[in-house]
Amino acid sequence: MTPIADRLKGVGEYYFSGKLREIDALNREDRQIINLGIGSPDMPPHPEVIAALQQNAVLPNVHGYQSYKGSPILRKAIADWYKTWYGVDVDAETEILPLIGSKEGIMHICMTYLNQGDEALVPNPGYPTYSSAVTLASGIGRNYEMNAATNWTPDFEALEQQELSRVKLMFVNYPHMPTGQNGQLDLFEKIVSFARKHNILVVHDNPYSFILNEHPLSMLQVNGAKDVVIELNSLSKSHNMAGWRVGMLCGNKERIDEVLRFKSNMDSGMFLPLQLAAAKALALGKDWFIELNKVYAQRREKVFELLDLLQCAYQKNQVGLFVWALVPNQINDGFALSDSVLYNAGVFITPGGIFGSAGNQYIRISLCATEEKLIKAIHRIK
């Protein structure tokens, strides 16, 4: 037997990969599980986006390898999008790198900057891929714990008391997943200042800024942020294109060139019709987001009703694609409540503990389910 590489030690299968197999097994027993766990938008992209893909895919000259830096058309669309919605200037030629989904960008960044033993600050609770990507790159993930008392923001005083000389990266994510805490410019300024002081490169993961949020923000809005920040963004949530795998990395030229050195050895570019359709999506106007968020707002009210049934506590001002809620005192933790609801009511909700120990007493419910499904889930739980 050929042994697996050491880099896989301590990296387990992604939680949802295994859980979906379990749900499939229950469905084969005709349980008809209602899945309220995963944040994969169930609505389609705008019809014009699909039409752009169709129209370009039938052309004879679009099927070859593409530039490692992405199409100039897509890069310009990204630059225009950042200027229109965030008020941020990014150079389409030198400060933008299209990605095959922003998740791959997390891995590319870790492989670009982390040597064995280098450290990265990872939010707890936070997206599990941050920790696994750091480990796969032979780095060491160091959790910075957040909690409701500090509105799910870093405790900079506690961080300042730690030894930070080996820390090269800091992952941050606002609007925050899983807690729904919105970003604020004063918070972003504190993060930039902290990173500058300690010579840390901040990786801001920003895929949720348009969901149930009237004022989308980018960390690159902070003066001088490009010196210490690179920002990931995505069309998965904002444009219902999760399966299309279209993301982006924005930062100064040096950072983009450095990540490209790794990425160019990993793939051979993105299918051009996908890039042209993504450019069409990025050009959509405000009406697209208004209609999208109208649906999510209605669904969120049903999720609140479901959480009331479970006697969970939550904040109504959360943004993003999920609702984060504290389980009642009589329940051991979010895993216990999740299993109880799954096996007794046939409804799957995500235990907060998969996002880190600071999430153990919480659950997360996705808004990527129709009102009809949410109503059915409510009836089952009743």
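**Sheet, helices and a serine**

Mentor: Let's start with one spot: opposite Val 122 stands Asn 143, a residue of β4. This is a predicted model, in which local features need pLDDT of at least 70, side-chain atom pairs count only at pLDDT 80 or more, and totals for chains, interfaces and linings use all residues. Residues are numbered from 1 along each chain as its sequence is written, and side-chain values use heavy atoms, leaving out hydrogens and water.

Trainee: How do you know that strands β3 and β4 pair?

Mentor: A strand is a DSSP run of E with at least two residues, numbered from the N terminus. Two strands pair if DSSP finds at least two bridges between them. Here 6 bridges join β3 (residues 119-124) to β4, so the two count as paired; they run parallel.

Trainee: What makes β2 and β4 edge strands?

Mentor: The open sheet has 7 strands in the order β2-β8-β7-β6-β5-β3-β4, with mixed pairing. Both β2 (96-99) and β4 (140-145) pair on one side only.

Trainee: Which strands does helix α4 touch?

Mentor: Helix α4 (residues 102-113) packs on the sheet and touches β2, β5, β6, β7 and β8. Touching, or contact, means heavy atoms within 4.5 Å.

Trainee: Why is Ser 236 called buried?

Mentor: Buried means under 20% relative accessible area (over 50% is exposed, in between partly exposed; 1.4 Å probe, protein chains only). Ser 236 has 6% relative accessibility, so Ser 236 is buried. This serine sits in the loop between β7 and β8. Beyond neighbours within four places in sequence, its contacts include Pro 41 and Arg 245.

Notes
Helix = DSSP H or I, 4+ residues; strand = E, 2+ residues; numbered from the N terminus. Axes fitted to C-alpha atoms, helices over the stretch in contact; angles between N-to-C directions.
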